[in-house]
Amino acid sequence: MGFAGNVVMRALMGAAGTFLVVLTSILPPQAACGEPFRANVSDDPATRDKTELHGKHIIAYVPEDAADRLVPLVQRLDRVFAFMCEEAGHTPGKKLVVNIVDEDDMLQGWASVIPRPVVELNLAPGYYGGFFAGGERRLELVAIHEFAHILSIDMTFGVRKVFERIFGRVVPQDILSLGAAYFTVPSQATMPLFWLEGLAQWAETRYSDPDGIWGGRGRDSYTHMIWRLDAEAGKIPEAEDWRSSYIHWPEGSRPYNYGLAYTRYLDGAYGDRCSMWRFTRNQAGNWPFVFDRAPAALIEKRHSDLIREARQSLMAEQKRNIRELKSVPVTPLKRLTPVDHEFGAPAWTSDGRLFASSYRPFARRQRYVTIDSKGDMESTGVPSLGTAPSRRSPGGSIVTSTFVRTVKGRYRSRITVVRPSGDVFHTGLRLIHPDLAERVFGKDDAVAAIRFTGAGDQSLRLYRLEGKTLHTETVMPVEGVPWDPAFRPRLNGPPMELAWVETDATSSRIMLSPIARPDIRRTLLTAKGRILHPVFSADGNTLFYCSDVSGVLNAYRLSLAAEKLKPAPVTHTIGGVIACTPSPDGKYLAVLDHDSGGPFISIIPDRRRVAPGNLPEIPLHWPAPEGVLYTKPSREKFTLPPAAEDPQELSRKSYNGLKHIEFQYWTPTTAVTETGGIGIQAALGDPIERHSIKAGAGIGAVEAEPVGQVFYRYGGWARTDVVFTGYALESTYNERIRTVWEEDADYTETLYGGNAGFIFDLSGIERMLSASFSIGAHDRSPVEESERVMKNRILISQPAFEGLENYAQSGLYYNDMTLYPTSYAAEDGLRVSLEYRLSGRDLGGDLDRDRALGKAGYIFSVSPEGGHQIEGNVFAGWSDGEDILQGAFVIGGTSYDGIEAPRGYIDTEATGPFLGAYSAAYRLPVYRPFKGLSTTPFELRQLVVEGFYEAGLISSDKPFGDGSWLRSVGLETTFEMRFMGVPIRPGFWVARQLDGEEDIEFSFVLRGIF
């Protein structure tokens, strides 16, 4: 499509470009009762009406139907943020915007200070067994993490503060706005990700109760396990690699794991001399990208020196822990599964195999797998998004949960049932941790699961499964937060009891209740630590579970037939066991453990005689312990204000985004409009980005014509974005004016007009499908210079169109490609786009022309781990109606069709009504360091070379019809880097024309990921 017809899509994509500084977080939810299960507002992530809750220090925007239940949370967050501001010595200039949403069951949350401080918290479940999975404070811990991002990044001083007050905080989009951003964006935003995430996790741990069991990631057994396993394998990264992030476990989270190790060490070794908030304030006073030398003014050491100290201290600490653990014989666990795969808790199948969810790096599609005793894995064909636990019913059915993609990248959890016959079906939404038992309700089965609803709550529910439909039978009474229900089998009938895990601030416990009398509660076990995945033996007399009460996750058994219930260890591991599942015959145990290669599944005999005795206890130090490098004084404890101080009145009103639109920033730019232009651009919007406005004015880059553009997007609907654009453009077509004397000249025109459009998200579980529709009008006229060039010359080019064009345009877009963290492009999949544009006199305009363009591309990963790819693309265009200088399709030169093939023809070679083009390429990396550049936020990932062959044809009769082909061969080199986690792919290509002038051409490029 031509550039004007593409304004809606291009403007929407341009408006979406934003400086994302921070990602992370967690959060869980509850339920209603008593009626047949059906989708409701909370199940379908439609964007609901919002309510404003105004505190003294924050403004929370919450779902209107959950506002009453969220008031206590907002009151608490307001008080916590005020306390953190006081300790940090910094308060943002305006009340902090906290957008609380309930649109996704995936782990999400983010914070940004550009263009203004905003935190978003998603009311979704925490990780299974993860850092925040239990306790009522899980949402508070997430908020503390994000508040720390805001406070650490928001600080600006001196000259930078002056520029910020003049321009606002600029979101860059070109070289001029990048320069403005350098002087207005807080310098802390340009620091390495490991520093930013280390500070946030330090705060999350610093403000947690050390006497509780949910003390933040710094006190978490899972984090310490990663450090311990890396130390044992000699894999604790060198100082320059603490910021690198790529696919192998757990290196994808290396900036988090080792950023935390660093701030933990600073607090332990230097906290008595310099608080972390003082470190942060000093860091923020530096210029952007100046990271390493900042601490020298405080403690006469650079970050690079301190990181080496932290590494040495961490290694010494973990070596001590490993020696202590190995003082007792370690349970031999043979790895059956490949390294760098992740698995959920497995369930035994009827034929003695294991069924488990699996996340497999470089997999075209993620699928549940079966594993035999030799380690052979086979795909089941059942989609596996996430690594949820699986359970087997006494009758042999397997039940698990996975995610389904709904709209705009959001996911909802759902239950999957696999019958012994092989029948697979999905049911329910917002349900996790299911278990199934046959014929509990007459002929109907029972399903127990954790149900999430709108205000960050969750409940334990018992459902009747009628065919493939769930009906709520009972909401089980719980105290605390429920997890992991498990039916207790009976040998001579259906299960009559249900066990589950409950967590609160001080403990985890396993509860047991009769299904018919849920008010009768029996506590089987209480532990000051995490309890994971309780599962019964086939006779129901033994309960297996995992816990980290010793500082290391291990499997335990609890004999319910014993006179006194006393847990007995089943494993003693250096890693961490998060599931232990007995086989139906009771002879074997399937164990899910960890080593330096990641999670793995092992099968061991169930031999009580050789089970370990008392397990060594490993301290989970916070901050870093005393060691050979330093000794530290006693530390203060938990200091957040008690909850009793929180209740306060919150002013409340319905949210209307139009009334909250405010100035965000303005900047000089070379991209005033879609076709360029030098001038200024301003951005406005409401705090939660339902309304986005960009307006710019300036002069064209070629003929200095007045140009400008106003763009508006409304994104408050679940499946649809609405876009309006008005513009005055200067557009140049290179070498389109041609004379009989073979003279070529550029043609420049002005366009005044606007359009309105809709973008529809039609997504599926693994495939992205979207559609667009827009209508618009613009008036074209040549600039004086182009009129002068055409005047009194005999032209052989098509006549230029002048006048009014009214048009309607629609598009359909499909993409099922994968993107691997080690990649430089989309991989392994198909992308297709179909666009149709109608410009007709029936619409009231002066131009009568239909136009269609189709694009399809497929990438095949020859060697995903090695990064080798074969890519093929094909383009076909059809046009019917008036033929004009502006052209329906173009080969060579500058085109707004998004068709680059064939590279090497930098001047316009042909224009006409029909297009055919194709390309083929082979890519491979020739250098893959995946290294951070000192202590900068830059990371050099790989150098990629691509060999290509491309061809294009403009014809007058049909796509790929009569005409002369223009072909080229060449090489392209791309330098893949990351800046603060954002991919940057500069490079260049050199191509030899095989037709035409047969020249060799060269060009610089800046690639995107897709």
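This report walks through some strands, a loop residue, a surface patch and several salt bridges in a predicted model.

## A three-stranded sheet

Let's begin with an open sheet of three strands, in the order E29-E30-E31, where the pairing is antiparallel. Its edges are strand E29 (579-582) and strand E31 (598-605), each of which pairs on one side only. From one strand to the next, the twist averages 20°.

Strand E30 covers residues 588-595, and eight bridges hold the antiparallel pairing between E30 and E31. As background, strands of a sheet pair through backbone hydrogen bonds, either parallel or antiparallel.

Now look at strand E25 (residues 531-536), which is mostly covered: six of its six residues are buried. Four bridges join E25 to strand E26 (residues 542-547), and the two run antiparallel. Leu532 has Cys546 in E26 as its bridge partner. Together E25 and E26 make a hairpin with five residues between them, and Gly540 in the turn has a positive phi of about 80°.

Further along, strand E50 (residues 982-993) pairs with strand E51 (residues 1000-1007) in the antiparallel sense, over eight bridges. Here Val990 stands opposite Phe1002 in E51. E50 and E51 form a hairpin too, with six residues between them; in its turn, Gly996 has a positive phi of about 65°.

## A buried alanine in a loop

Ala294 sits in the loop between helix H9 (276-284) and helix H10 (296-299). Is Ala294 buried or exposed? Its relative accessible area is 4%, below the 20% cut-off, so Ala294 counts as buried.

Leaving aside residues up to four places away in sequence, Ala294 touches Asn282, Gln283 and Asn286. Asn282 is 12 residues from Ala294 along the chain, and their C-alpha atoms are separated by 6.8 Å.

## A nonpolar patch on the surface

Eight side chains to find next are Trp717, Phe758, Phe760, Leu762, Phe773, Ile775, Leu812 and Leu834, which form a nonpolar patch on the surface. Together they have about 710 Å² of accessible area. Strand E38 (744-761) and strand E39 (768-782) each supply at least two residues of this patch.

One of the members, Phe760, lies in strand E38. Phe760 has 30% relative accessibility, so it counts as partly exposed.

## Salt bridges

Side chains of opposite charge can pair when their charged atoms come close. How many salt bridges does the count come to? It comes to 51.

Asp504 and Arg509 give one example, with their side chains meeting at 3.0 Å, N to O. Asp504 is buried at 17% relative accessible area, and Arg509 is buried at 10%. Another salt bridge joins Arg788 and Glu785, whose closest N and O atoms are 2.4 Å apart. Both residues lie in helix H12 (residues 784-790), three residues apart, about one turn of the helix. Arg788 is partly exposed at 47% relative accessibility, and Glu785 is partly exposed at 31%.

Glu871 and Arg923 also meet in a salt bridge, at 2.0 Å, N to O. This pair links distant parts of the chain: Glu871 is in strand E43 (residues 868-881) and Arg923 is in strand E46 (residues 914-927), 52 residues apart. Glu871 and Arg923 are both buried. They also belong to a network of salt bridges that links Arg831, Glu871, Arg903, Arg923, Glu946, Glu950 and Glu972.

Technical notes: Residues are numbered from 1 along each chain as its sequence is written. This is a predicted model: local features need pLDDT of at least 70, side-chain atom pairs count only at pLDDT 80 or more; totals for chains, interfaces and linings use all residues. Side-chain values use heavy atoms; hydrogens and water are left out. Two strands pair if DSSP finds at least two bridges between them. Axes are lines fitted to C-alpha atoms, for helices over the stretch in contact, and angles run from 0 to 180 degrees between N-to-C directions. Buried means under 20% relative accessible area, exposed over 50%, partly exposed in between (1.4 Å probe, protein chains only). Contact means heavy atoms within 4.5 Å. Patches are made of residues with over 30% relative accessible area and no salt bridge: like charges are joined within 9 Å, nonpolar side chains (Val, Leu, Ile, Met, Phe, Trp, Tyr) within 5 Å. Accessible areas come from the Shrake-Rupley method with a 1.4 Å probe; for residues, only the protein chains shown count as cover. A salt bridge is a side-chain nitrogen of Lys or Arg within 4 Å of a carboxyl oxygen of Asp or Glu.
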